[in-house]
Amino acid sequence: MTLKDASAYNIQFLDGTPVFIDTLSFERYIEGEPWVAYRQFCQHFLAPLLLMQQTDIRLNQLLRVYIDGVPLDLASALLPKRSWLKKQSLLHIHLHARSQKKYADTSGSVKRPAHTNVSRIGHLGLLDSLMNAVRDLKWLPENTEWRDYYADNSYSDEGFADKKELVGKYLDILKPSYVWDFGANTGEFSRLAGTRGIPTISFDIDPACVELNYQELRRNEEPNIIPLLLDLTNPSPGIGWENRERDSLADRGPVDTILALALVHHLAISNNVPLDMIARFFSGLGRSLIIEFIPKDDVQVQRLLSGRKDIFDNYSQEEFEQAFSRYFTIEQTGAIRDSGRIMYLMRRKE
């Protein structure tokens, strides 16, 4: 058998393991036929991975623009010059892109090559080359804003343990069937849900945190958590045909429970999002909420305010509770030891 499609959307995660789901892409292999999905594999897998590793990790965002993968001519232009010296990127990206460009002429002035027979050994050799190219790619997450957050925060050891105890207690009360953890960092609190057997999506804006989270999950063989990159102020939109081919983040909810720990001050102060809008947004995504409020005198909030004028007169515990009470019923609160931080358990008003 062989595959006629090599779209990344044909891969989904089940219990933390990538699974190929498009069985209709399988077809009988015919000796001499080239692999028709070669270009698509390079655009969906190899080109994005090379760009993230060799140019800039933030180029993963190109996949939001190009639903059928990163065009090879664009990848070739963005990759560094040294990539021309490496066999895999030279063959599968640069020369592949030139070949595409040459035979993209629709005027008939360029004579297309006759169908080339590809032996079974040649077919397997191509697949081995692509597999080796992907296996050789390593990215060392470093020098990003939040990767060392747990080593540099305002919790005492007792306070951090207190926070974990409160989150675990609230999860046991809610007993959710599914959790989304926004601002998860490297997944410390996602694991409180995952170890309880709750399928959990562990979202963070920092690619280093997401990578470290994934590496830890692989090492420990933890099946219930999937780390994903997400900018909550610019979440994944509906894309593709009529913006419905791939659902937006909002369309994939609501989920049973949202974790929003050490997050609200970033949305409210760093991104100027009013507390009422944050509460309304969360009410559309989740049926219950475990959320942390960090007061203005906390060292982390003061860091956010250090480089800007404090225009946030409405940022207070009272205003926070008032805003969220419009959409949620506050069922429990708990003060985190050695800090002014407060944990809340809320359920959405129906």
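**Entry 1: terms and model.** I take buried to mean under 20% relative accessible area, exposed over 50%, and partly exposed in between, with a 1.4 Å probe and protein chains only. I also note that helices (H or I, at least four residues) and strands (E, at least two) are DSSP runs, numbered from the N terminus. This is a predicted model, in which local features need pLDDT of at least 70 and side-chain atom pairs count only at pLDDT 80 or more, while totals for chains, interfaces and linings use all residues. Residues are numbered from 1 along each chain as its sequence is written, and side-chain values use heavy atoms, with hydrogens and water left out.

**Entry 2: strand β6.** I looked up β6 (residues 200-204) and found that five of its five residues are buried, so I describe the strand, as computed, as mostly covered. T200, S202 and D204 point one way from β6, I201 and F203 point the other way, and all are buried. For its partners I count two strands as paired if DSSP finds at least two bridges between them. Strand β5 (residues 179-182) pairs with β6 in the parallel sense over three bridges, and D181 has S202 as its bridge partner in β6. Strand β7 (residues 225-229) also runs parallel to β6, joined to it by five bridges, and there the bridge partner of I201 is I226.

**Entry 3: helix α4.** The 16 residues should span 22 Å, and the end C-alpha atoms are 21 Å apart, which agrees. I then found a kink of about 30° in α4, centred on H96, where the bend at a residue is the angle between axes fitted to the seven residues ending there and the seven starting there. H96 is also one of the buried residues of α4, the others being S89, H92, I93, H94 and A97. Taking contact as heavy atoms within 4.5 Å, I see the buried residues of α4 pack against α1 (38-54), α3 (72-78) and α5 (120-135).

**Entry 4: the nonpolar cores.** A nonpolar core is a set of buried Ala, Val, Leu, Ile, Met, Phe, Trp, Tyr and Cys residues joined through side-chain atoms within 4.5 Å. The largest has 57 residues, of which F182, F282, I290, I291, Y315 and F324 touch the most other members. Helix α6 (residues 157-174) gives the most to this core, with six residues. Apart from it lies another core, of 20 residues, among them W35, C42, L62 and A97. Leaving aside neighbours within four places in sequence, I290 is in contact with residues including V167, Y170, L171, L174, M343 and Y344.

**Entry 5: helix α10.** In α10 (residues 275-285) I list L275, I278, A279, F282, S283 and L285 as buried. Seen down the axis, these buried residues fall within an arc of 165°, so they line one face of the helix; the arc is that of the directions from the helix axis to the C-beta atoms.

**Entry 6: two single residues.** Which residues does G168 touch, not counting those up to four places away in sequence? They are L192 and R196. G168 is found in helix α6 and is buried, with a relative accessible area of 4%. R28, in the loop between β4 (26-27) and α1, counts as exposed at 68% relative accessibility. Leaving aside neighbours within four places in sequence, R28 is in contact with M1 and T2; the C-alpha atoms of R28 and T2 are separated by 6.1 Å, although these residues are 26 apart along the chain.

Definitions and conventions: The expected span of a helix is 1.5 Å times one less than its number of residues.
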